[in-house]
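Thanks for coming. I have one structure to go through, and I will keep to a few places in it.

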Amino acid sequence: MTVLSEFSLIQHYFEQLSTQRDDVLLGIGDDCALLQCPAQHVIAVSIDTLVENIHFFADVDPEHLGYKSLAVGLSDLAAMGAQPAWFTLALTLPEVNENWLKGFSQGLAKLAKKQNIQLVGGDTTRGPLTISIQVHGFVPAEKALRRSGAQVGDMIYVTGTLGDAGAALQLQLQKWNNVALNVEDKSYLRQRLEQPTPRLEIGQELAGLASAAIDISDGLLADLGHILDKSGVGARLDLAKLPLSLAMSKVDRKTAERFALQSGDDYELCFTVPPQYFSEIEQRFKDQCTLIGTITDDQGIYFIDDNDALIALKGTGYDHFPV
Ligand SMILES: [Mg+2]
């Protein structure tokens, strides 16, 4: 196959992604795209690269992969309180496989349409399967949700449920199993791993209310840890309040908690709320998020266990701490 026909073929599959937004003055087809950012807003930008056998299994459904490649970027926009606008795609392919391209572009298009984000540029090259997506969104500058704004006395919330994607990954690697999980539970967990929901709506609504936010890509402890580091504060978490899915609530509590605290890929948001907005958050977002703890002037993270005792986090595990 000649280079030109390969290019036309790839272009054909990605045409469905170029639905027109009014703020795209010039889209694909010139040296650069020309994009218009609304007045009083700043552009939020983030890039992620997914490499076969490192970030995804070689046999993953290409439609799910297309969806997830964009979802992880959208999750970063959600964590800033930004509204999605445009993305660029760099695709490295070992070969031009029409079935793969069709599935991948369909998965990508499904989420792009839903979130009104337009593909405005791309590049393709030959090599080991690698997907890079850069997302662009916008947010009023003073409302952007940074990691650095948490203050002592703020409440800590997370959206959705935690630990599902991590459990699915361990199931797939055959490193963990649990007899309590039936076929439907396992398929639910796998869907959470392969097609996470970026929390864009709540992210945008939290802009101006939350004092800090991050998306949970590496696990609650690691990602909350970034907020604590950037904000110069500590945290106390109530283990009993960690939100679990129906599937993970069938697993023994300690194991489920470990997944919820330490495993990544859930793409939920963790955010902190100052006292003056507690009641507003509780009223408006009661069904979408869970209060799991408070920001303190402790060093690092402590847990409150079932007996109201404090437990200190040590390394990647946690030990009972005498109080
Ligand atoms: Mg992130």
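Helices here are DSSP runs of H or I with at least four residues, strands are runs of E with at least two, and both are numbered from the N terminus. This is a predicted model, in which local features need pLDDT of at least 70, side-chain atom pairs count only at pLDDT 80 or more, and totals for chains, interfaces and linings use all residues. Residues are numbered from 1 along each chain as its sequence is written, and side-chain values use heavy atoms, with hydrogens and water left out.

Now helix α7, residues 220–231. Buried means under 20% relative accessible area, exposed means over 50%, and partly exposed is in between, using a 1.4 Å probe and protein chains only. The buried residues of α7 include Leu 220, Leu 224, Leu 228 and also Asp 223. After α7 comes Gly 232, with a positive phi near 70°.

On to the metal. Which residues coordinate the magnesium ion? They are Asp 76 and Asp 215, each through OD, at 2.1 Å. Asp 76 sits in helix α2 (residues 62–80) and Asp 215 in strand β8 (residues 212–215), so the pair links distant parts of the chain, 139 residues apart. Donors are N, O and S atoms within 2.8 Å of the metal (3.2 Å for Na, K and Ca); water is not among the atoms, so sites may look incomplete. Asp 76 is partly exposed, at 22% relative accessible area, whereas Asp 215 is buried, at 4%.

Next, strand β9, residues 234–238. Two strands pair if DSSP finds at least two bridges between them. Strand β9 is joined to β11 (residues 289–296) by 4 bridges, and the two run antiparallel. Ala 235 has Ile 295 as its bridge partner in β11. Another 4 bridges join β9 to β12 (residues 301–304), this time in parallel.

Last, the loop between α8 (253–262) and β10 (269–273), where Asp 265 lies. Its phi is near 75°, a positive value in a residue other than glycine. Tyr 267 is in the loop between α8 and β10 as well, and the phi of Tyr 267 is positive too, near 55°. Is Tyr 267 buried or exposed? Tyr 267 counts as buried, at 9% relative accessibility.
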